[in-house]
Amino acid sequence: MSEVAREAVGDYKAGWHDPEQSTIRFDAGLSEQVVLDISAIKDEPKWMTDIRVKAYHHFMERPMPTWGSTELLNSIDFDKICYFLRTTDGAANDWDDVPEDIKRTFEKLGIPEAEQKWLGGVSSQYESEVVYHSIREDLEEQGVIFLDMDTGLREHEETVKKYFCSIIPYQDNKFSALNTAVWSGGSFIYVPKGVKVEMPVQAYFRINAENMGQFERTLIIADEGSSIHYVEGCTAPTYSSDSLHSAVVELIAMPGAYIRYTTIQNWSNNVYNLVTKRGVAYENSTIEWIDANIGSKLTMKYPSVILKGEGAHGEVISVAYAGEGMHQDAGAKMHHLASNTTSKILSKSITKDGGRGSYRGMVTVSKKAENCKVSVVCDALILDGKSRSDTYPTMEIKNPSCRCEHEASVSKVSDDQVFYLMSRGHSEDEALALIVNGFFEPFVRTLPMEYAVELNKLMALEMEGSIG
Amino acid sequence: MNSAAVYLALPEPDRAKHLWRYTPWHRIHPTGKHGDLPESTGPPTLSLSLLDGEAAPEGVTLTSATPEDIAELCCTPHDDVASTLIRALSEGEAVILRVDRTTILDQPLLLDVNAEGEVCSLHLLLDIGSMAELELVTSMSGNAGWFGLLREGRVRAGAHLNDVVVNRLGSTHMLRVDGIQVERDAQVRAGVVGVGAKRAKADLRYELTGPGASIWVNGSVTSMGKQHNDHHIEILHVARETFSRLAWHSACGGRSRTVGTGMLRIVHGAKGSDAAQLFHNLLLSKDAEADSIPELEVLENEVVGCGHGTASGPIDEDQIFYLQSRGFSIAGARAVIITAFLNATLSAMGSETLHRWLNDLLSSGLPDLAM
């Protein structure tokens with residue numbers, strides 16, 4: 001990396017970019033023709049084209065949200081975004097078939113190494129489409145389907161048709177409409193009845209080009225009694241102009257199933273990250289969203305669970321870091337529709353250098369949902385006088401048998417703790433990094449060890465020079 | 001521009017805004033139409049005395065406010081639709097309760113506000129002199145169709161004020177707005193006791209403007225039948241070393257709905273602020289609903305601590321069982337538990353005398369809730 005590039009990128013390790021080499025690149029800007037062209041390029045069935053067009057019109061008509069960071073939202077120039085960029089002709093199943101420059105990108109990010117050591121499957125998306133895909137043979141033999149979404153639509157059209165937009169309709173919000181109109185890439189996973197996928201499967205999303213829009217669509221269906229852990233990571237180069245990432249993720253946990261969906265979002269500080277994630281949990285099933293938001297210019301993301309079956313459990317553990325020029329508006333939503341359902345939300349955020357961290361959450365308990373239990377805990381650390389932390393929880397309880405608890409606290413790093421650690425021989429920076437790692441510990445312990453180690457290193461890097 | 005013109009120039013508040021989400025403006029406006037400014041049937045009847053019936057002592061006056069008083073003591077924003085409506089209905093007139101500096105009262109003051117007629121409103125200014133110490137109970141009663149109460153004022157440096165507002169209105173729709181500034185080293189205990197009104201919307205704002213200022217806000221609210229109680233409490237820490245606590249206990253029965261929203265805002269520079277909010281809801285029937293939304297906005301990192309919490313749930317069956325084993329009937333056991341729940345905040349509102357008076361007042365409505 002050149003000195004100039006190094007200066008622009010700063011400490012953000014994934015901020016480099018490779019020369020753009022596209023086979024198809026659409027002109028910037030969004031129109032109905034762009035939507036039709038994306039669908040035509042993918043040779044999609046008519047019902048998908050129709051839903052894309054309807055979603056496009058809904059997106060155009062729907063006003064921008066009037067809450068969150070309205071200033072940043074209104075500064076998005078949708079006409080400058082490129083909505084489709086193809087870099088390869090199809091997803092490779094063999095690492096050797098991936099083009100050299102893209103291979104280099106993912107090797108720098110450590111993806112092949114991780115796959116060999118501890119992953120059950122890997123999907124790597126570069127710009128608009130998945131460029132590499134693999135799954136362990138034993139999982140394939142058990143009937144586990146792990147495909148990129150485009151292939152999923154081609155090979156399992158009826159299943160996709162049944163569930164696509166069933167949890168998050170395109171009318172849900174402006175950005176789910178945008179995603180539905182121009183979606184490309186993402187993962188399609190089906191886990192058959194009773195199959196437990198012991199090793200996590202991973203998807204890696206990389207934006208390389210400038211002014212790029214990445215709109216992946218993920219659909220995970222865990223059939224009765226099955227389980228899966230899905231991990232996604234996201235990075236992008238540091239450019240002076242902005243990119244947009246607007247994904248939609250739908251999860252379906254059938255009775256007794258278990259889905260854990262882990263996200264480590266480390267977009268560069270020029271990416272708008274406006275994502276809709278929602279799962280529906282049937283009887284005695286569990287959906288867990290484990291969510292780390294470390295990068296991006298603006299993140300607005302509220303993973304949610306609809307607890308539809310009796311005994312279902314939903315959980316969100318999220319951590320956020322907001323540094324200079326960043327606003328992490330993250331949270332969670334739990335909708336208790338059935339009796340004896342339980343949910344737990346744990347949100348932790350750290351702000352420094354003028355960053356803003358907001359928790360925005362909602363819990364609803366319907367009138368028919370008896371004996372539900374809800375716990376919401378939000379903790380925030382503000383590391384300097386320029387930063388800001390907000391908490392906006394909403395709870396609407398319509399059944400009196402529900403036990404519902406919420407607590408939140410905002411504080412600074414305790415001087416006593418820093419002093420104690422320094423008296424044991426740590427430098428000030430080390431002491432702060434240890435305290436921050438301890439603060440994030442409930443999140444980190446849910447991660448596979450390799451991720452946990454990386455995250456701790458990343459946070460230590462971000463915390464350098466934060467005291468004094 | 002007069003008050004009516006100011007109100008009519010304001011747009012209808014957006015329901016998307018947190019403050020109007022649960023009780024939209026049209027549901028609490030006297031006619032339901034934002035553009036209407038109905039004629040007021042006059043102010044409520046006011047009487048000021050000590051709680052034991054004696055006349056208000058020297059140093060305490062209740063008079064008509066001058067334009068200068070209004071200009072000095074108005075603390076709500078000029079674009080606030082609720083306070084502007086009440087000002088307009090009061091035709092720019094206000095009453096001022098003034099307590100001279102260093103006045104110390106042994107007995108609580110009772111300001112009785114009797115609201116009757118179709119549309120009744122009161123703009124009350126409070127001017128609590130520095131180093132004064134007193135307890136003030138504002139008791140609202142009557143059967144007005146609609147009643148608007150706007151209370152604004154300042155608690156001057158070093159003053160101690162226990163300020164309890166009791167809602168004993170009949171089948172009234174009530175809109176209440178408070179804007180109180182607490183100055184250097186002043187201490188306020190603000191109590192809200194709600195048993196009346198068919199529909200109530202309150203927007204209570206306290207601003208800690210001087211270093212060392214502190215406020216405890218305690219709420220003890222019971223909702224029965226089809227009552228709708230919506231309280232928004234906003235505490236703004238502007239100065240250094242300020243302290244606030246909010247404890248809110250709501251017991252809801254019948255088909256009632258109770259809403260408690262809180263906003264705790266620590267501005268940049270309010271170093272050493274210490275703030276916390278707690279909302280508790282006791283749900284007593286299958287059709288009752290309670291919503292609690294405590295919010296935090298913290299722009300300063302040098303704080304002692306800022307936090308909030310909510311808890312909602314039914315009466316603990318184990319507690320009922322225990323009390324039954326000690327000889328209580330089910331209804332008796334429920335009444336004891338509800339009383340204790342409401343008393344947790346009621347007893348923190350002021351002196352023993354005040355507490356006893358409030359306790360007697362609340363106890364009369366409890367049998368309905370305990371059924």
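Predicted model: local features only at pLDDT ≥ 70, side-chain atom pairs only at ≥ 80, totals over all residues.
The model scores ipTM 0.72 and pTM 0.82. Chain A has 468 residues, of which 55% are buried, and chain B has 371 residues, of which 53% count as buried.

**Chain A overall**

- Chain A contains 14 helices and 24 strands.
- Of the contacts in chain A between residues at least 6 apart in sequence, 82% are between residues at least 24 apart.

**Chain B overall**

- Chain B contains 8 helices and 18 strands.
- The mean pLDDT of chain B is 91, with 98% of its residues at 70 or more.
- A compact globule of 371 residues would have a radius of gyration near 21 Å, and the 20 Å found for chain B agrees with that.
- Along the principal axes, the C-alpha atoms of chain B fill a box of roughly 65 × 45 × 45 Å.
- Of the contacts in chain B between residues at least 6 apart in sequence, 87% are between residues at least 24 apart.

**Contact between the chains**

- Chain A puts 30 residues into the contact and chain B puts in 32.
- On the side of chain B that touches chain A, β17 (289-298) and β18 (305-314) of chain B each supply at least two residues.
- That side of chain B has 14 nonpolar, 11 polar and 7 charged residues.
- Strand β23 (residues 388-397) of chain A runs antiparallel to β17(B), and 5 bridges join them.
- In this pairing, I397(A) stands opposite A290(B) of β17(B).

- Strand β7 (residues 146-155) of chain B is largely enclosed by the rest of the structure, because 10 of its 10 residues are buried.
- In a regular strand, side chains alternate between the two faces of the sheet.
- W146(B), G148(B), L150(B), E152(B) and R154(B) point one way from β7(B), while F147(B), L149(B), R151(B), G153(B) and V155(B) point the other way.
- The residues on both sides of β7(B) are all buried, and they include the charged residues E152(B), R151(B) and R154(B).
- Strand β5 (residues 119-128) of chain B runs parallel to β7(B) and is joined to it by 10 bridges.
- L126(B) has G153(B) of β7(B) as its bridge partner.
- Strand β9 (residues 173-182) of chain B also pairs with β7(B) in the parallel sense, over 10 bridges.

**Helices**

- Helix α12 (residues 428-439) of chain A has 12 residues, which at 1.5 Å a residue should span 16 Å; its end C-alpha atoms are 16 Å apart, so the two values agree.
- The buried residues of α12(A) include A431(A), L432(A), A433(A) and V436(A).
- Helix α6 (residues 330-346) of chain B has 17 residues and reaches 24 Å from its first C-alpha to its last, close to the 24 Å expected at 1.5 Å a residue.
- Buried residues in α6(B) include A333(B), R334(B), I337(B), I338(B), L342(B), T345(B) and L346(B).

**Residue A312 of chain A**

- A312(A) sits in the loop between β17 (304-307) and β18 (313-322) of chain A.
- A312(A) counts as buried because 29 other C-beta atoms lie within 10 Å, and the cut-off is 20 or more.
- Beyond its neighbours within four places in sequence, A312(A) is in contact with A281(A), Y282(A), E283(A), N284(A), S285(A), L307(A), A338(A) and T341(A).
- T394(A) is 82 residues from A312(A) along the chain, and their C-alpha atoms are separated by 21 Å.

**Residue I215 of chain B**

- I215(B) belongs to strand β12 (residues 214-223) of chain B.
- I215(B) is buried because it has 25 C-beta neighbours inside 10 Å.
- Beyond its neighbours within four places in sequence, I215(B) is in contact with V182(B), V188(B), A190(B), Y206(B), L208(B), I235(B) and S244(B).
- A275(B) is 60 residues from I215(B) along the chain, and their C-alpha atoms are separated by 9.5 Å.

How values were computed
Residues numbered from 1 in each chain as written. Chains lettered and ligands numbered in written order. Helix = DSSP H or I, 4+ residues; strand = E, 2+ residues; numbered from the N terminus. Buried ≥ 20, exposed ≤ 12 C-beta atoms within 10 Å, placed from the backbone. Contact = placed C-beta atoms within 7 Å. Pairing = 2+ DSSP bridges. pLDDT = per-residue confidence, 0-100. Expected span 1.5 Å × (residues − 1). Rg over C-alpha atoms; globule rule 2.2 N^0.38 Å.
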